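Look at the structure shown here and read the notes that follow.

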Amino acid sequence: MFGFDFFELTRDVITLIVGLTALLASLGVILCSSPVYCALYLIGNMICLALLFLLYNAEFIAAVQIIVYAGAVMILFLFIIALLGGKKEVQEPSAQRSMAFVFVITMLGELFLSATVGPTKPIEGGFDLQTVAQVGGSAKAIGLELFSRHLVPFELASGLLLVAAVGIICLSKFSYTPVRRRAK
Amino acid sequence: MSFKIFIYPRQEASEIIVGHQFVLLISASMFCIGTVGFLIRKNPLIMFMSVELMLNSVNFLLIGYSNFLKSMDGQIFALIIMTVAAAEVVVGLAIILTIFRTRHDMDVDHINVLKG
């Protein structure tokens with residue numbers, strides 16, 4: 001499995017360690033009972049994923065992951081937790097919980113079976129490392145593809161963000177007052 | 001059926017890359033952990049965090065295969081998934097805040113009627 005190439009050995013070990021750390025952090029997200037610890041574990045998971053993106057030659061996506069997820073989204077989560085009060089959750093076993101475990105273990109087995117697919121071949125004339133370096137980096141290559149072949153999804157995503165911004169203004173500004181129950 | 005796990009892709013003599021099993025295994029495990037978290041937790045905030053875990057695992061799969069296939073499409077799809085996730089989180093947190101304002105309760109088991 002390991003050759004004598006020291007660079008490849010180091011890269012393998014680092015990838016393995018970062019991947020396992022990401023898995024442990026995601027376990028921490030669902031096992032901690034305090035929401036603040038869950039949010040901190042999720043930040044750790046996202047930073048590990050950004051490192052994995054860097055290892056798989058996606059520098060721009062790694063930067064976006066750190067800025068958008070670990071920066072913006074998690075700060076939003078932490079503010080909401082601070083606003084609502086991070087109460088600890090009592091976890092007791094129940095029938096639904098064991099059913100959920102059975103369902104997910106079945107799904108995990110199916111996914112692991114699907115992980116035994118054969119090797120794949122790279123696309124001819126795609127963006128390999130030399131082409132990306134020639135174009136001028138990962139961000140520039142993404143921009144070239146995004147504004148030529150994937151223009152419509154890009155515009156739709158901007159429309160989605162606009163709709164979400166208008167939606168949360170409507171949700172938070174016009175506060176909902178509960179209707180009184182009719183007296184019988 | 002031979003099942004060898006390679007951590008990182010290797011270029012072999014016949015131009016075939018092996019090494020996507022690591023990405024598939026990590027991504028599948030993280031997706032299943034997110035599903036379990038969504039199903040067993042009762043705090044809506046932590047349920048949202050589990051949804052984020054699932055979206056992130058799919059992102060990792062897309063990035064890994066974009067690296068194997070030498071194509072930029074996976075990275076662009078990851079970017080669009082991040083946009084969708086950001087919009088979803090913002091709207092979901094606003095909804096959770098509205099529910100908390102009207103009910104002063106965070107347990108999803110107690111939210112069982114549609115009227116306030």
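Helix 1 of chain A passes helix 2 of chain B in a left-handed crossing (the near helix is turned anticlockwise from the far one by less than a right angle; clockwise would be right-handed). This is a predicted model, in which local features need pLDDT of at least 70 and side-chain atom pairs count only at pLDDT 80 or more, while totals for chains, interfaces and linings use all residues. Residues are numbered from 1 along each chain as its sequence is written, and chains are lettered from A and ligands numbered from 1 in the order in which they are written.

**Helix pair**
- S26(A), V29(A) and I30(A) meet M49(B), S50(B) and L53(B); contact means C-beta atoms, placed from the backbone, within 7 Å.

**Chain interface**
- In total, 69 residues of chain B are in contact with 70 residues of chain A.
- Elements giving two or more residues to chain B's side include helix 1 (21-40), helix 2 (44-68) and helix 3 (73-103) of chain B (helices are DSSP runs of H or I, at least four residues, numbered from the N terminus).
- Helix 3 of chain B gives the largest share of that side, 22 residues.

**Domains of chain A**
- Chain A has domain 1 (1-87) and domain 2 (127-176), with bounds from an automatic or database domain assignment.
- The C-alpha centres of domain 1 and domain 2 of chain A are 22 Å apart.
- Domain 1 of chain A and domain 2 of chain A each give four residues to their contact.

Note on methods. Contact = placed C-beta atoms within 7 Å.
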